[in-house]
Protein chains: 2
Amino acid sequence: MDSIIANANVLALIASVIGLGFAIYTALWVVRQDTGNDRMRKIAAAIQRGAAAFLTREYRYVAILVAIVTVVLLILSVIPNSGMSPWTAVAFLAGAGASALAGFFGMSIAVRANVRTTAAAQKSLNQGLRVAFASGSVMGTTVVSLALLGISILFMILTNVYADNPTLAASALAGFGFGGTSIAIFARVGGGIFTKAADVGADLVGKTEAGIPEDDPRNPAVIADNVGDNVGDVAGMGSDLFESYASSIIAAIAIAALTTVAGNDAMRVRMEAYPILIGAAGLIISILATFLVRTEENATQATLLGSLRRGVWGASLGVAVAIIIIALILDLGIGIIIATLSGLVAGVLIGYFTEFYTSDNYRPTRGIAESTSGGPAIVVIQGLSVGMQSTVVPVMIVIFATLIAYQASAPNGLYGIAMAAVGMLATLGITLATDAYGPVADNAGGIAEMAELGGAVRERTDALDSLGNTTAATGKGFAIGSAVMTALALISAFITATGSVTSTNTTFQAVVLDPRLITGLMLGAMLPYFFSSQTMLAVGRAAQQIVLEVRRQFKEIPGLMEGTAEPDYERCIAISTESAIREMLAPGIIAVLTPIVLAILTVIGRGNIIGQFVGVETIVGVLLGSLISAFLLAVMMANAGGAWDNAKKYIERGNLGGKKSEAHKAAVVGDTIGDPFKDTSGPSLNILLKLLAIVALVIAPLLAVGVTP
Amino acid sequence: MDSIIANANVLALIASVIGLGFAIYTALWVVRQDTGNDRMRKIAAAIQRGAAAFLTREYRYVAILVAIVTVVLLILSVIPNSGMSPWTAVAFLAGAGASALAGFFGMSIAVRANVRTTAAAQKSLNQGLRVAFASGSVMGTTVVSLALLGISILFMILTNVYADNPTLAASALAGFGFGGTSIAIFARVGGGIFTKAADVGADLVGKTEAGIPEDDPRNPAVIADNVGDNVGDVAGMGSDLFESYASSIIAAIAIAALTTVAGNDAMRVRMEAYPILIGAAGLIISILATFLVRTEENATQATLLGSLRRGVWGASLGVAVAIIIIALILDLGIGIIIATLSGLVAGVLIGYFTEFYTSDNYRPTRGIAESTSGGPAIVVIQGLSVGMQSTVVPVMIVIFATLIAYQASAPNGLYGIAMAAVGMLATLGITLATDAYGPVADNAGGIAEMAELGGAVRERTDALDSLGNTTAATGKGFAIGSAVMTALALISAFITATGSVTSTNTTFQAVVLDPRLITGLMLGAMLPYFFSSQTMLAVGRAAQQIVLEVRRQFKEIPGLMEGTAEPDYERCIAISTESAIREMLAPGIIAVLTPIVLAILTVIGRGNIIGQFVGVETIVGVLLGSLISAFLLAVMMANAGGAWDNAKKYIERGNLGGKKSEAHKAAVVGDTIGDPFKDTSGPSLNILLKLLAIVALVIAPLLAVGVTP
């Protein structure tokens, strides 16, 4: 019977090898493209060096962290009766390695694609799109392929090692997700701080003090700014979604192993094979769908957007068919099909509504633009209101998807929720491609500016950039929605795994009125606020460092302002890197330690007074509280930030007074606040909520230490 | 045995009559004070007329709402087996009446005290403080006395009518709290919109367009601004705390009636008498403590603050002693004493930490002031960070208070939580006095400005105002903390009351993983965001109306700018009133309808598919989700707003460049955003979270319709 799982793993392995092949082929195509003139090559080389320097530095810190955690996991696994498998440590290492590799490869191609997109845009809009989108596809396909490769190989081994203990196999597999998170927290949180520190710092001295334009090569921080876009939006987004993707599949497998009645192995095996097969099908379909992204040479922007949309919609439709066929083959029943489809549909809808709230084609962002007549304070109030209001629809979508997934797939309701997350993420190969393409186009514009390529090229890269903003907004909504669904699945798995060690309350009211649960909810809801306060301030502090360095270079390097000397770009990149990593440590450590400390208190509190204040109930409360609180804050921040950004751009296109008007000044204030909202604090919350859940799931076996079932 | 309750009610009745006597005596003393010169009297008369006009208008709408709800409650009570008592409608009417009366009386004295404080400040700082604080005492004592009077009389009647059914008696009493909320939503939400619409509108045209100073009598909106301070900060705060106060006592009684084992009437009776007796003792002690607020004639500001603090600390100490003595007499055990004291201590601590985050004596507000060098956007980011960070300590305090109260008073843990809320609010008579005094001092300064009384008087009223800001920040933290504890007690009562109709899950994991509970949590957490987005935008829209009217008057009234003609103050007040009431209707109705619609869906969903999506579990989720989400948002908004305000004032006192510097301009942006944060949206959340909980508790019996226990 286990041959179903073995076959599913082999199919996933084949799919991921095909995916990697496609990624490498596409990457080689990108690298072969024209790199433009010498000046462009020089700038591009500086960005490449900067990105490599950041990654090297980051991975050095990551390596230390990964080594420590691996050792801790190994020690835990040798404690008698700890219930933890040594394979958790192996899976953790594999997850960290795969995520790091995906980030490194995807970003290497993205930074190389920057200049090649600029060069291609010299020819036509369509050429530019092809290069930028190809580099996005490399990122998307690599992330999905490596995640699927890791899971299928590990799961193959684990199902053999623990042939008679599927629960332990699934529990060890959770280490893979945990490994992914440990990269994500550096890439997404650290990267988010890096990108905004460089951006804000460069603008503060460059535009404001020295009076030189944006993206001016004399500004020592300008390369750091370009590196930041790749670091935060490509590698950060990639590692965030790597983890969501891997964890959604792992959560489905864990719930299948934990909830199926003993003896009904046939059902369990098919339920474990299903998410893996959908992953494999989704990967191949996403690759095929990238070929739908093609237009004629004289394409307009509207045609290009239509072309990108065709890719995503085509993939969604294909995956929907695959979801149905695979479920029919595995004979899982109509309920689980509905559950999986509900996630797929929810993902598309969340993306659509995010666009409604953040695109200047619609009322909310127009309203912010119009509110600029009231000055900066009114712009901020209006933007925050739009952000808060924009939480309504995503919350309702997730509520409906959750309820439908659960009820349709009864009695396997929790499995249905996990499968909704898997369904949402099944098209990741192409949705991530449309996200990662945005920053490449943005940087292509920056290079065109620095290399003084003239109006026509800049216009084309601007068109690509603006297209990228639309897809990026959709992508951000999708990233939050999938993080929430994944975390919900992980939390379900954690609660199921620790079910036997919770209080023996036997009524609804005794459970929900357990003060440990309620205070856990409060504590959990508070964490995203604390986390955001720290990441927002971190950007300010890191930007301050950049400002000081840029000022020093302007003063100390003779001939810099006249353009006869080169600024020291590397120093700025090094400073951004250092500050980003330093600033992310405190919030990161607090996030990792919260579930661990609560688990330790739970274990030592058994039978004494500590247990009256802390228990598994507290941990469950913290997980649920942080889930809902981070969901709302993240949506609010991402959408307010996106709407402010586009309101400013709407004015810059000549509306309501255009550039240099009072309205524009007010809009810039909103946009500056929106920067850390949408690029640092908001996305960091995706990591926070998944991190808490995956850490809890990994240490779940520990909570049973010394408990007789 | 019920004689214990009867005696407690009689004692509470006597205490509230004494309280009312003290309030009337103090009110007469205030009215007897000097009203200054003719010009001052004329301005004061305009403010009085405006406030009366607002209240008349507001109460007209309130009357319609109250009439409708009363009829609905009566109809529900005559439906066979609805489980609702007709006394719920009576209690509702009484609660609405008592709250409206307290608001009317307290505000009438506050508006009269404005000009008398100005006149007294012409003599000395101490004289000014005495008048302003006396009017605050009138508000504080009236609120507490009328709440206690209503509860004691109603409870006297209900214990006789339902002598054999204490649960029904307690359930009907909840109508009193609901009545209080229906006033609070108009006074706090509507008042909050009124005050900021007038303030922002007056500033936008006056200071910015016409270039006339703040509080200039030529500005047609300036009287509306003054009326707004009384409407929002005196009547609004009063009705908010009236409801917290009444509901905390009611929740304690309801939990006592619901949780004590049948047959153990002796314990139940003593547990029901306890909160009432603490209320009575707290009222008398608060009155006595107001006599501690006395200083010599040549008092400095520090002495004045010390004097106010002496009053609050003295009352807290006295109430702590009363909590212990009454519990000992009723033989309730040490656990319940600890629970009640934990609430009292938590209230004081939350106030203290609120001051830390919002006073410019400490690092957070100083940090915001210093961040002004980075421009308005950085000020906003810094302020939001401070607001988010400031959630940590209040959340931890509430968590500890809840856990200690629950565990210490086991097996009556829920009762312990309710008693913590009662303990926190026991000193309300004097804490509300120190809050309500602030806006009186603020307006006294405005009148001094308009009447051109010269520097010395203005300096004294400014000193009083600044003192008021410190106490107001403390008061806001206290209002949120007590709202959260009260709502928690109400939710506990609701869950206990509906315990028999929830799902028959028998394990912890089945309960917390019920998707109705989890989606309820999400829905509940979203409501405060939606509510805040609506109240924030409402201020902007209402202010716009004021702007148009002021512009019209400047243009159409000849001689207005030259000071030879009078502006039409009444029109501005009427516009503010209309917009405030119109704008609060939509969010208010949504808040009231949410639990009602969910309850209806729950009842009609029994045994069919609707029941799989909505149930009592959903309502519980919504209540808990909104509790934690509103708690965090409210603290963040209140503290960010307070900190921005004080950062601006810190700069205005000559620091970091002083008035008219770039730093000051940046600080003004923060302050303008902070205005709706701290005076409209933040405080409105207090009402939202209590409103959801009290409506749920009132309709709880309906949820048992057709259910065989």
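Reader: How many residues does the contact take from chain A and from chain B?

Author: It takes 73 residues from chain A and 73 residues from chain B, where contact means heavy atoms within 4.5 Å. This is a predicted model, in which local features need pLDDT of at least 70 and side-chain atom pairs count only at pLDDT 80 or more, while totals for chains, interfaces and linings use all residues. Residues are numbered from 1 along each chain as its sequence is written, chains are lettered from A and ligands numbered from 1 in the order in which they are written, and side-chain values use heavy atoms, with hydrogens and water left out.

Reader: What area is buried between chain A and chain B?

Author: About 6700 Å², of which carbon and sulfur atoms give 85%. Buried area is the accessible area (1.4 Å probe) that two parts lose on being put together, summed over both. Of the area that chain A buries against chain B, Phe508(A), Met522(A) and Tyr529(A) supply 12%, more than any other three residues.

Reader: Which elements of chain A give two or more residues to the side that touches chain B?

Author: Among them are helix H15 (455–497), helix H17 (515–556) and helix H20 (616–652) of chain A, helices being DSSP runs of H or I with at least four residues, numbered from the N terminus. H17(A) provides the largest share, 17 residues. By class, this side of chain A has 48 nonpolar, 23 polar and two charged residues. Here Ala, Val, Leu, Ile, Met, Phe, Trp, Tyr, Cys and Pro count as nonpolar, Asp, Glu, Lys and Arg as charged, and the others, Gly among them, as polar.

Reader: Why are the two copies said to be related as by a two-fold rotation axis?

Author: A rotation of 180° with 0.0 Å of shift along its axis superposes chain A on chain B, with an RMSD of 0.0 Å. The two copies are therefore related as by a two-fold rotation axis. Both copies use the same surface, since 100% of the contact residues of chain A recur in chain B. The superposition is by least squares on the C-alpha atoms of residues with pLDDT of at least 70 in both copies.

Reader: What makes Lys648(A) and Asp671(A) a salt bridge?

Author: The closest N and O atoms of Lys648(A) and Asp671(A) are 2.8 Å apart, so the pair meets the salt-bridge cut-off. Lys648(A) is in helix H20 and Asp671(A) in helix H21 of chain A, 23 residues apart, and the pair links distant parts of the chain. Both residues are buried, a label for under 20% relative accessible area, with exposed over 50% and partly exposed in between (1.4 Å probe, protein chains only).

Reader: Why is the pair of Lys196(B) and Asp679(B) said to tie together parts of the chain?

Author: Their salt bridge has its closest N and O atoms 3.0 Å apart. Lys196(B) lies in helix H5 (residues 166–210) and Asp679(B) in helix H21 (residues 662–699) of chain B, so the parts joined are 483 residues apart in sequence. Lys196(B) and Asp679(B) are both buried. In chain A, salt bridges that share partners join Lys196(A), Asp199(A), Lys476(A), Asp645(A), Lys649(A), Asp675(A), Lys678(A) and Asp679(A) into one network.

Reader: What joins the side chains of Thr35(B) and Arg41(B)?

Author: A polar contact of 2.8 Å. The term covers a pair of N or O atoms within 3.5 Å; within protein, one must be able to donate a hydrogen and the other to accept it, and residues adjacent in sequence count only if both atoms are side-chain atoms.

Technical notes
Salt bridge = Lys/Arg side-chain N within 4 Å of Asp/Glu carboxyl O.
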